[in-house]
Each structure stands twice: as structure tokens, then as C-alpha cells.
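Please look over the model below before you read my notes. The points follow the chain's strands, pockets and confidence.

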Amino acid sequence: MILCETFEHMKKSGDYYVTVVEDTNLGQIVATATLVIEHKFTHSCAKRGRIEDVVVSGECRGKQLGKLLMSTLTLLSKRLNCYKITLECLPKNVAFYKKFGYLVSEENYMFQRFFN
């Protein structure tokens, strides 16, 4: 699928919430993050939120845009009645996410990569 078709598919599913911050003076997106909703069989199909792809452009770091994105997606997951919200991050970013009430999980994270 090309990018536009993929995005349309994501919109139609109703389980993707892509949040962007645009610098209207530049006409550019300067920050973005995505909330993905999963329906978990182990919790009677209850909703679990997962935050992915939190990115702030280099020239806009330090302007509280990451805080804005995280606060928005955390609140949105609560409004959508998620029983929990998770994210994955590098150890160097743990302190940032702890500011929003996120805790380091005792679970191990494992993966296989299929694409570069």
C-alpha cells in the first residue's frame, strides 16, 4: 500500500489516533505521536492503549511539545476507557515518561525485526 492508502486504512479502523503539532508559520509538522488501541481477549476485549512514535523535531525540542503530546494521548486513552496504556522507550528516555506517571514494567520486551 502507498502511504495515503495506509493512512486511510488506519483512519477507517478507528483504533489509531495520530496527533500532530504544526508550526503554522513554517507550514510544517514539528511534533507527532500515535495512540494505538488494542482490544485484549484476556481482559474481555477491554481496550489497551499503546503510545508509539513520539517525535519532536530537533529545532523545537525544549518547547514542551513532547509534554503536550503525552498529556493529550494519556488523557485520550482515559476518555476511551482504556484499562491501561503502555509505551516502549530507550533507557535514556525513562525519566521523561516518568513525569507523566508512567512506570518501568517488570515484563521483558522481546522482538524480531523483519525490515530495516
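1. Strand β1 covers residues 16–23 and strand β2 covers residues 28–40. They run antiparallel and are joined by 8 bridges. Tyr16 stands opposite Val36 in β2. Two strands count as paired if DSSP finds at least two bridges between them.

2. Ground rules. This is a predicted model, so local features need pLDDT of at least 70 and side-chain atom pairs count only at pLDDT 80 or more, while totals for chains, interfaces and linings use all residues. Residues are numbered from 1 along each chain as its sequence is written, and side-chain values use heavy atoms, with hydrogens and water left out.

3. Lys40 stands opposite Ala46 in β3.

4. The whole chain. The protein chain has 3 helices and 4 strands. Their order from the N terminus is α-β-β-β-α-β-α. Helices (H or I, at least four residues) and strands (E, at least two) are DSSP runs, numbered from the N terminus. The C-alpha atoms fill a box of roughly 45 × 35 × 35 Å along the principal axes. Of the 116 residues, 26% are buried. Buried means under 20% relative accessible area, exposed over 50%, and partly exposed in between (1.4 Å probe, protein chains only).

5. The largest pocket. Its volume is about 810 Å³. It is lined by 21 residues, and Leu87, Glu88, Cys89, Leu103 and Ser105 lie nearest its centre. β3, β4 (82–87) and α3 (94–98) each give two or more residues to this lining. β4 gives the most, with 4 residues. By class, the lining has 11 nonpolar, 4 polar and 6 charged residues. Ala, Val, Leu, Ile, Met, Phe, Trp, Tyr, Cys and Pro count as nonpolar, Asp, Glu, Lys and Arg as charged, and the others, Gly among them, as polar.

6. What a pocket is. On a 1 Å grid over the protein atoms alone, a pocket is an open set of points where a 1.4 Å probe fits, with protein on both sides within 12 Å along at least five of seven lines. Lining residues have an atom within 4 Å of a point. Grid points are joined across faces, edges and corners, and a volume is the space filled by probe spheres set on the points.

7. The second largest pocket. Its volume is about 600 Å³. Of its 21 lining residues, Val54, Val55, Asn93, Phe96 and Tyr97 are closest to the centre. β3 gives the most to this lining, with 7 residues. The lining has 10 nonpolar, 4 polar and 7 charged residues.

8. Leu103. Is this residue buried or exposed? Leu103 is exposed, with a relative accessible area of 76%. Leu103 sits in the segment after α3.

9. Confidence. pLDDT is the predictor's confidence in each residue, from 0 to 100. The chain averages 90, and 98% of the residues score at least 70. Where pLDDT is low, the predicted coordinates should not be read in detail.
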